[in-house]
Amino acid sequence: MARAQRARIRTAGVQPAQVLAGLSSLAFLVFGIVGFTRTGFADFAGRSDATVLGFSVNPLYNLGFVLLGAIGLLLTFGSGRSRAFGLLTFVAFGALFVWGLMITGTVSTNPVSEAGNPFNLNATDNWLHLGLAALGLLIAFLPARHKVLLPEDEEENVVTDRADSATVVEPLPDGSRRPKHEKGPTVAREERPPGLAH
């Protein structure tokens, strides 16, 4: 009785989540670095009038973007790690969005009011954080591209691998052939009497 062979499904190539995570990480890095050029490093968690693309920034806020961008670039080299970066982005900006709603008074009770406003958040930043949280969720749950690997394909791969690893055969002067890795018998040189031209 022949056993049915099942096809296997594997992820194929660079995934859309990896591409989106890589582009987002680069954007976060650039945003943070440009923010530092506007704010400098003084008054690290204080209020600042500096803005980048209309969003208020301070050095602590810039540092958060640079760190998140660097982590994202490290996690881009793998589908699962890119999705983990997406979840990290969702949690980080989701928390900033909720905190921003409390700071701007949209939510009446602020349980962390004693912490002040170390990220220099305002109402405009809330929309940015909401959008970036949605982007993180998209990265985390973006469908992966898959490849169906049939049993015949696996057999072809095995045959190809064996052909690639076969011993290379090189021709000998007498017309016979021997494997390249084997040493052949030493061929005695034809001796010529002294005085004859070589």
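At what angle do helix H1 and helix H2 pack, and how far apart are their axes? In this predicted model, local features need pLDDT of at least 70, side-chain atom pairs count only at pLDDT 80 or more, and totals for chains, interfaces and linings use all residues. Residues are numbered from 1 along each chain as its sequence is written, and side-chain values use heavy atoms, without hydrogens or water.

H1 spans residues 16-39 and H2 residues 59-75. They pack at about 155°, with axes 7 Å apart (axes are lines fitted to C-alpha atoms over the stretch in contact; angles run from 0 to 180 degrees between N-to-C directions). The two helices are therefore roughly antiparallel (over 145 degrees). Contact (heavy atoms within 4.5 Å) involves Gly22, Phe28, Gly32 and Phe36 among the H1 residues, and Tyr61, Phe65, Gly69 and Leu73 among those of H2. By class, this contact has 14 nonpolar, eight polar and no charged residues. Gly counts as polar here, Ala, Val, Leu, Ile, Met, Phe, Trp, Tyr, Cys and Pro as nonpolar, and Asp, Glu, Lys and Arg as charged.

The protein chain has five helices and six strands (DSSP runs, H or I of at least four residues for helices and E of at least two for strands). Their order along the sequence is β-α-β-β-α-α-α-β-α-β-β. Of contacts between residues at least 6 apart in sequence, 65% join residues at least 24 apart.

Of the 198 residues, 31% count as buried (under 20% relative accessible area, 1.4 Å probe, protein chains only). The chain exposes about 13400 Å², by the Shrake-Rupley method with a 1.4 Å probe. Carbon and sulfur atoms supply 63% of that area.

Methods. Parallel < 35°, antiparallel > 145°, perpendicular 65-115°, else oblique. Buried < 20%, exposed > 50% of the residue type's maximum accessible area, 1.4 Å probe, protein only.
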